[in-house]
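Here's a quick tour for anyone opening this one up for the first time. Take a look at the chains below, then follow the notes.

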Amino acid sequence: MENILSSAGIMAGLGLLFGTVLALAYRFLRVPEDPRLEVIIDMLPGNNCGACGQPGCSAFAETLLDGGNLPSGCTVSNPEKIDEIAGFLGVDAGEQVKRVARLHCAGGLAQAKQVAAYSGFESCRAAAVTSGGGKGCSWGCLGLADCVRVCTFDALHMNTNGLPTVTTQKCTACGDCVEACPKDLFELLPMDQPLLVQCSIPLGGEEARALCTVACDACERCARYARPGLIEMKNNLPVIDYVHYEGPECPEATFRCPTGAIQWVVEDQFEDSEPANRGGHVERL
Amino acid sequence: MAPENWISTFRHGVHPDEHKEGTESLPIERVPFVESYILPLGQHIGAPSVPVVKPKDRVQRGQLIAKPGGFVSTALHSPVTGHVTALANRRNAMGDLVPCILLEADPYATQRFEPRAPVDWRALSSKEFVDQTQMAGLVGMGGAAFPSHVKYVPQEGKPVRFLVVNGCECEPYLTCDHRVMVERSDRVVRGIEILATKLGAEKTVIGVEQNKEDAIEVLQAAAAGAPVPVEVAALKVKYPQGSEKMLIDAVFKTEVPAGKLPLDVGMVVNNVATIAALADWFDHGRPLIDRVLTVSGPAVSRPANLQVPLGTPVRAVLEYCGGLKSETRQVVMGGPMMGSPLSSLDVPVVKGTSGLLAFTDADVFDGDTYTCVKCGRCLDACPNFLNPCMLAKLARAGRIESMDEFYASDCTFCGSCSWACPSGIPISQLIKVARSAMAQRKRKEVRQ
């Protein structure tokens with residue numbers, strides 16, 4: 001009987017001791033957490049997509065509180081939600097241009113030359129390691145939908161021309177497709193400059209045109225007709241300066257393109273079931 | 001204690017059908033010269049060669065046309081007398097457009113190779129010897145095309161004890177090394193004499209699989225008269241015995257540790273064809289301008305062992321063999337286990353092309369793949385003692401970071417696991433695809 005009492009007593013004493021330590025620690029060592037954090041996390045989309053550059057929504061909410069980011073840093077959320085967060089925090093919503101994934105290739109089944117048929121498991125990367133797939137162009141889209149499989153936002157699907165189409169409204173610019181593409185064809189680009197080079201062939205002239213009807217043959221007309229500072233020719237391809245160029249949107253560069261490799265893309269990149277436009281046609285101007 | 005009739009081999013591995021009967025007794029034929037040649041500058045592992053000719057230059061057969069672009073790189077010589085038409089991009093067997101030297105043969109010129117006086121190789125220092133072999137354009141002709149001279153560089157604290165000559169030719173269908181051993185055993189033994197002396201090797205072992213009885217006999221007779229100790233080791237027929245590390249395991253029962261080279265265990269391994277080419281260079285000044293390859297497979301009209309000048313388009317080689325049958329589905333460059341299917345027949349024969357195999361619809365596996373039943377056959381097949389089904393599972397799930405924990409980097413893509421898999425899972429290809437994704441990720445990290 002005595003044993004039971006003494007052990008119960010020791011346990012109770014220990015409990016009391018630790019309880020006191022914990023209570024004191026809570027009293028003196030507490031780090032106050034901003035009560036707004038939880039509210040903001042609730043307001044964010046909760047996708048944890050990482051498009052803002054933070055590892056997830058709660059990390060982004062923390063940077064909102066310490067002023068490291070503005071609410072518009074979240075490109076996935078809609079403008080009303082962004083304004084709501086800005087109002088709640090009493091900060092400026094900021095301006096953030098929506099970015100989307102764009103494909104630097106327009107050589108679908110109807111445009112690019114096929115030299116062989118790939119048979120094996122359905123994966124662009126597998127085709128790429130097996131003598132480069134069946135396409136004549138070694139740099140173009142292989143059309144086996146690796147990007148579609150990794151997209152968690154249902155923003156990508158293959159069109160009937162064998163090219164992945166990005167639904168700009170659903171695209172969160174998370175960059176998963178950029179990682180997945182074995183040919184490095186995707187790039188996250190701002191939507192406010194609709195100029196887009198839809199080709200990645202580092203060849204010029206006949207060599208490029210022999211591979212694909214919408215290939216860039218490095219004639220440099222776009223660079224000459226564009227406003228100064230916007231386009232530079234690098235490695236037989238026009239490179240558009242999206243970062244430093246601060247002028248207005250300007251479609252001149254597309255006017256004289258003989259193959260249609262440079263395009264004016266306002267919304268989705270490819271019309272479904274339609275082959276890419278040819279001959280510098282300008283749409284929605 | 002090993003039984004009396006014990007035959008050396010390595011552990012694990014597979015036994016695919018050999019299919020060598022169609023070509024193993026056919027003597028090597030020479031392919032006539034064609035009009036135009038395509039010589040990619042990167043026919044080997046390492047930095048591409050640097051052209052030393054320009055368009056419209058006249059070139060002699062055997063003349064240097066591209067010099068090494070670095071240490072792990074090698075020279076390139078003209079396979080024909082003619083002129084350079086252009087330096088342009090052409091498709092290689094991997095499907096990439098790569099810089100090439102385009103040559104046109106002169107139909108009125110003699111294509112005779114003018115031999116040079118023999119080099120006094122005994123007088124060369126080891127550095128001069130390495131430079132000489134680099135300028136000969138020698139690469140490993142078993143298929144990997146690794147520049148041979150890199151293996152001959154003496155390294156501090158790593159003396160060469162044995163020279164291992166690889167005559168296994170474990171890939172099905174291929175018989176080109178077999179014919180080289182039978183018909184050019186004197187060149188092989190002469191090459192061994194030069195190389196073993198220069199490397200200071202105690203002994204040379206030629207590893208030959210038992211299915212090449214005539215080659216073993218001929219080599220044994222030739223080895224008996226060699227001035228350096230040469231032994232012919234008959235090995236059990238098993239795939240992938242011709243892989244460097246497997247061969248060392250089979251002959252010496254020595255394991256080359258993961259990530260190490262044969263030189264770390266005091267050995268240098270060379271293919272028989274490379275050794276023969278080395279002898280040609282030091283005796284006659286003849287660089288690597290052609291190679292022996294096997295054209296075979298069910299879709300080829302007339303299978304043959306051919307001596308083909310480098311740069312000959314695959315189409316011309318197949319036409320010489322009577323063309324392809326109408327039901328041809330696939331043409332593979334290299335052996336059926338490790339070779340790569342071609343996406344175009346206009347690619348050239350390069351230094352590492354050991355065979356051209358054509359298959360019909362019936363031979364190409366089109367069946368469904370089923371889920372892994374965890375039977376473990378791939379584990380028993382893998383000569384590197386990896387866990388292929390686990391690697392395939394991780395590759396399929398996209399967890400390529402975790403693949404390093406299962407030693408994905410030790411995989412040599414021999415294809416034994418895919419061959420052994422009863423569910424038809426393309427294990428080797430899955431691992432290869434994941435490794436390519438890994439490499440791309442690393443390239444991106446370096447760029448950032």
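This is a predicted model: local features need pLDDT of at least 70, side-chain atom pairs count only at pLDDT 80 or more; totals for chains, interfaces and linings use all residues.

**Where chain A meets chain B**

- On the chain A side, 26 residues are in contact with 24 residues of chain B.
- Put together, the two chains bury an area of about 1900 Å² between them, and carbon and sulfur atoms give 48% of that.
- How many salt bridges are counted between chain A and chain B? The count is 2.
- You can look up a salt bridge between A:Asp184 and B:Lys444, whose side chains meet at 3.3 Å, N to O.
- There are also 13 residue pairs in polar contact across the interface of chain A and chain B, with both residues at pLDDT 80 or more.
- Three helices of chain A each supply at least two residues to the side that touches chain B: helix 5 (124-129), helix 7 (176-180) and helix 8 (205-211).
- Helix 5 of chain A gives the largest share of that side, with 3 residues.
- Sorted by type, the chain A residues touching chain B come out as 13 nonpolar, 7 polar and 6 charged.

**Helix 2 of chain B and its partners**

- Two packed helices are described by the angle between their axes and the distance between the axes.
- Take helix 2 (residues 176-183) and helix 6 (residues 272-284) of chain B: their axes come within 9 Å and cross at roughly 45°.
- Helix 2 and helix 6 of chain B are therefore oblique to each other.
- In this contact, helix 2 of chain B brings B:Asp177, B:Val180 and B:Met181, while helix 6 of chain B brings B:Val272, B:Ala273 and B:Ala276.
- That set of residues splits into 5 nonpolar, no polar and 1 charged.
- Helix 2 of chain B also pairs up with helix 3 (residues 185-199) of chain B, and here the axes come within 5 Å and cross at roughly 85°.
- Who meets whom? B:Val180, B:Met181, B:Val182 and B:Glu183 in helix 2 of chain B meet B:Ser185, B:Asp186 and B:Val188 in helix 3 of chain B.
- This second contact, between helix 2 and helix 3 of chain B, divides into 4 nonpolar, 1 polar and 2 charged residues.

- Over all chains, the structure holds 30 salt bridges.
- One of chain B's joins the side chains of B:Asp290 and B:Arg61, at 3.7 Å, N to O.
- This pair links distant parts of the chain, 229 residues apart: B:Asp290 is in strand 13 (residues 290-296) of chain B, and B:Arg61 is in the loop between strand 4 (58-59) and strand 5 (64-67) of chain B.
- Look too for the cis peptide bond that joins B:Tyr239 and B:Pro240, with omega about -5°.
- To find B:Pro240, head for the loop between strand 11 (230-235) and helix 5 (244-252) of chain B.

Definitions and conventions:
Residues are numbered from 1 along each chain as its sequence is written. Chains are lettered from A and ligands numbered from 1 in the order in which they are written. Side-chain values use heavy atoms; hydrogens and water are left out. Contact means heavy atoms within 4.5 Å. Buried area is the accessible area (1.4 Å probe) that two parts lose on being put together, summed over both. A salt bridge is a side-chain nitrogen of Lys or Arg within 4 Å of a carboxyl oxygen of Asp or Glu. A polar contact is a pair of N or O atoms within 3.5 Å; within protein, one must be able to donate a hydrogen and the other to accept it, and residues adjacent in sequence count only if both atoms are side-chain atoms. Helices (H or I, at least four residues) and strands (E, at least two) are DSSP runs, numbered from the N terminus. Ala, Val, Leu, Ile, Met, Phe, Trp, Tyr, Cys and Pro count as nonpolar, Asp, Glu, Lys and Arg as charged, and the others, Gly among them, as polar. Axes are lines fitted to C-alpha atoms, for helices over the stretch in contact, and angles run from 0 to 180 degrees between N-to-C directions. Angles under 35 degrees count as roughly parallel, over 145 as roughly antiparallel, 65 to 115 as roughly perpendicular and the rest as oblique.
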